[in-house]
Amino acid sequence: MQSSAAAFQPCLPLLHLNSNPRYTMRRRARPQLSPKAVLNPVQSFSPEDSIRPSLKDMAPYTPILPYEVLAQKLGRHPSDIVKLDANENPFGPAPAVATALADAKYLHIYPDPESSSLRDAIAQYTNLPKEYIMAGAGADELIDLLFRLFVTPGTDDSIVNCPPTFGMYKFDADVNGARIINVSRHPDFAVDVDAIERIFDEQRNPPKLLFVASPNNPDGGVLSDDHLKRLLALPTLVVLDEAYFEFSGHNRMAWVPHYDNLVVLRTFSKWAALAGMRVGYGAFPLSLMKHLWKIKQPYNVSVASQIAATASIEQKRDLLDKVDRLIKQRHIFYDRVAKYDWLLPYPSQSNYVLCRVSEDRGAAQIRQQLIDRGILIRYYTTPGLTDCIRVSMGTEAQMERLYSALDQL
Ligand SMILES: Cc1ncc(COP(=O)(O)O)c(C=O)c1O
């Protein structure tokens, strides 16, 4: 924690302004300056005017509300809320994580910048040599890192995004000044590979990155091997986001050593229930590794996060049993909602199911009626998804509460 004296450090450089005649004049003419004016004597300068124009006008990312805030807003105790809106894992981390954190000895020391022990464990878990692997503060950090490595702001550098999909690809493209070429998915949410190939035929500067989530968020569909091979034949870096791989079994991490232009991203947020700890990892072509190591924040994965993720891999059998329980809930979900003719679920290979809601019921309305019963699900305002809801799979008890609420609607 900074002391209050240290917090005032940013003001000190103003002392140098004493040699600025404009500053001296103002001080003599108006000795009764308000504290604000003293802190900012050059009245005509507003730092906000210096912000990168593309960021000044950028729409903010809408994160989910913290659990406690949400509970307070709904007037319910957190334990009374069924939270099925963010694809989190309702079983929580392996108990060994809490023990390992309680035993942690070196929280006062900066973490290992290479996350070496954790990467050893990931190498074992993925069956991939450690040299290919980098850990990050969530897969989110690694997405941003790729933008920073490849995109030069203010140039024509572009990326291909396949909406509807995970919002961070667009968010990081906007933050990093990349032009986004959107190639919408087909009505069944399959990637439009033909259209992507045409983009590469047409563009003088090929897009630098191509993002595909598999399973895709929000529908849970998987990119086929054939389609992935066609994408890998394009002159771009293909970023395959396998955040939900454990729920689908489709694993393309083993492809990384065989393709110079494939990155596979993963996370501990879903299968290991560590969303709050922020740990993810990626497998990258070896040619990129030294550059990624150069530009990443040195201490990007905290000591606590490295400990928690390593302990989770040690407990993988228990955690993967819980993953199986969530997959089972996904199967049950299709049976249970088949009786509502106003709800059409899409096939999913993940820990959530996207459903289209009939017009007379309205997705926003269904979401509100569930909120009134303490059940949170995801609803969309993005074009093409406004009549959809996404339900994350919960514990057996949480799902029963959902079904009895749906029966009442
Ligand atoms: C497709 C996809 N990738 C990545 C993430 C984020 O992963 P992390 O929590 O490791 O940043 C999410 C989170 O919802 C996601 O849906």
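## Worked exercises: loops and a helix pair

At 13% relative accessibility, F245 counts as buried (buried means under 20% relative accessible area, exposed over 50%, partly exposed in between, with a 1.4 Å probe and protein chains only). The model is predicted, so to speak of local features pLDDT must be at least 70, side-chain atom pairs count only at pLDDT 80 or more, and totals for chains, interfaces and linings use all residues. Residues are numbered from 1 along each chain as its sequence is written, and side-chain values use heavy atoms, with hydrogens and water left out.

**Exercise 1.** Find the loop that holds F245 and list what F245 is in contact with.

*Solution.* Start with the place: F245 sits in the loop between β6 (237–241) and β7 (262–267). Helices (H or I, at least four residues) and strands (E, at least two) are DSSP runs, numbered from the N terminus. Next, skip neighbours within four places in sequence, and F245 is in contact with Y125, P215, H250, N251 and R266 (contact means heavy atoms within 4.5 Å). P215 belongs to the loop between β5 (209–213) and α11 (225–232).

**Exercise 2.** Work out how the side chain of N89 is held by polar atoms of F91 and K270.

*Solution.* First, N89 is in the loop between β1 (82–84) and α6 (95–102), and it is buried, at 9% relative accessible area. Then check the atoms: the N89 side chain reaches the backbone nitrogen of F91 at 3.0 Å, while the backbone oxygen of K270 is 2.9 Å from a polar atom of that side chain. Finally, leaving out residues up to four places away in sequence, N89 touches K270, W271, A273 and L326. A273 has a positive phi of about 55° although it is not a glycine, and it is buried, with a relative accessible area of 12%.

**Exercise 3.** Describe how α14 packs on α16.

*Solution.* Take the axes of α14 (residues 316–337) and α16 (residues 396–408): they come within 11 Å and cross at roughly 15°. That makes α14 roughly parallel to α16 (angles under 35 degrees count as roughly parallel, over 145 as roughly antiparallel, 65 to 115 as roughly perpendicular and the rest as oblique). Last, look at the side chains: R325, Q329, I332, F333, R336 and V337 in α14 meet E396, M399, E400, L402, Y403 and L406 in α16.

Note on methods
Axes are lines fitted to C-alpha atoms, for helices over the stretch in contact, and angles run from 0 to 180 degrees between N-to-C directions. A polar contact is a pair of N or O atoms within 3.5 Å; within protein, one must be able to donate a hydrogen and the other to accept it, and residues adjacent in sequence count only if both atoms are side-chain atoms.
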